[in-house]
Amino acid sequence: MDELRTTLRRTAPAVSVVACLIVVFLLTPLLVILPIAVSSDVFLKFPPSGLSTRWFTEVFADPAWQASFVQSLKVATVATLVAVITGTSAALALRRATRARRLLRTAMIAPMVIPHLVLALGLYLGIQDLGGAAGIRTLMLGQAVLAAPMVYLTVASGLSAVDPALSRAALSLGHRWPSVLLRVELPLVARSIAGAAVLAFGLCFDESVLSYYLSPPGQETLPTRIWLEASQQASPAIAAVSSLVIGLAVALLGLSLVLTGTRRKS
């Protein structure tokens, strides 16, 4: 044990340097995108020759950007709702499972390792084989499939910290299973569910592969619109939209922290 502590002390500076390099690597795209978003140049250029808010004004006034943003909100909201219900239900069910728990758990998190392109093509061809056509509902289903494992893992982690004796005690006091679920288990993991919902919404809102393959023409989500605009022209408006997406992500994380702090105080 002493040798391990000595080794950790010796390697701590090197680990700190590597960690700082990784952080800089991850933040570099943000340091590039944000200045370009307020650039006065006509094309993507770094560093910008001047500063202006014209691209934000153009984005807010463009009906195409507005429609894609609203579409992303709708799709992400429905997909998050489905994922939260599915993932939370699976976490509660597998907590009580006594047989094939590992198999069911593996099946639940399997979508996390499936390439998004494979899932998109599978959904597209599957809907066609059933006589339908891929559309917004298919996209919502696909994004819910991607987000459900994340919700399951987050809620299951919260449930692992809950003493199972609390549920048994509630049952012994005359409460039935629905009452135990609503009054005991769900309140105890409410913070985990809220955090899982935030993560799921962020994943669904920013998902691009399924959106590109499954969004019908004229109903593109925001990531698809960014991709189409980037393939046609290198306008700083793309950086402005990306900055708004980053701001939304920060706002969601702030909301999650506020909900968590409120729950702890109560």
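**Ground rules.** I am working with a predicted model, in which local features need pLDDT of at least 70 and side-chain atom pairs count only at pLDDT 80 or more, while totals for chains, interfaces and linings use all residues. Residues are numbered from 1 along each chain as its sequence is written, and side-chain values use heavy atoms, with hydrogens and water left out.

I noted a volume of about 460 Å³ for the largest pocket. For the term itself I wrote down that a pocket is an open set of points on a 1 Å grid over the protein atoms alone, where a 1.4 Å probe fits, with protein on both sides within 12 Å along at least five of seven lines, and that lining residues have an atom within 4 Å of a point. The volume is the space filled by probe spheres set on the points, which are joined across faces, edges and corners. The elements that give two or more residues to this lining are α9 (190-206) and α12 (237-265), and α12 gives the most, with 8 residues. By class I recorded 13 nonpolar, 2 polar and 1 charged, where Ala, Val, Leu, Ile, Met, Phe, Trp, Tyr, Cys and Pro count as nonpolar, Asp, Glu, Lys and Arg as charged, and the others, Gly among them, as polar.

**The chain.** I then turned to the fold and found 12 helices and 0 strands, both being DSSP runs numbered from the N terminus (helices H or I, at least four residues; strands E, at least two). Buried residues make up 34% of the 266 residues, with buried meaning under 20% relative accessible area, exposed over 50%, and partly exposed in between (1.4 Å probe, protein chains only). Among contacts with a separation of 6 or more, 71% join residues 24 or more positions apart, a contact being heavy atoms within 4.5 Å.

**α3 against α11.** I checked how helix α3 (residues 63-96) meets helix α11 (residues 222-232): their axes come within 7 Å and cross at roughly 145 degrees. These axes are lines fitted to C-alpha atoms over the stretch in contact, with angles running from 0 to 180 degrees between N-to-C directions. The contact is made by A64, W65, S68, F69 and S72 of α3 and by L222, P223, R225, I226 and E229 of α11, and I classed these as 6 nonpolar, 2 polar and 2 charged residues.

In helix α6 (residues 136-160) I looked up Q143, which is buried with a relative accessible area of 1%. Leaving out residues up to four places away in sequence, Q143 touches V75, A76, A79, C204, E207, L210 and S211. P149 also has its place in α6 and counts as buried, because its relative accessibility is 0%. The C-alpha atoms of P149 and G87 are separated by 6.3 Å, although these residues are 62 residues apart along the chain.

Last, I went to L255 in helix α12, which counts as partly exposed at 43% relative accessibility. L255 and G195 are 60 residues apart in sequence and 9.5 Å apart in space, C-alpha to C-alpha.
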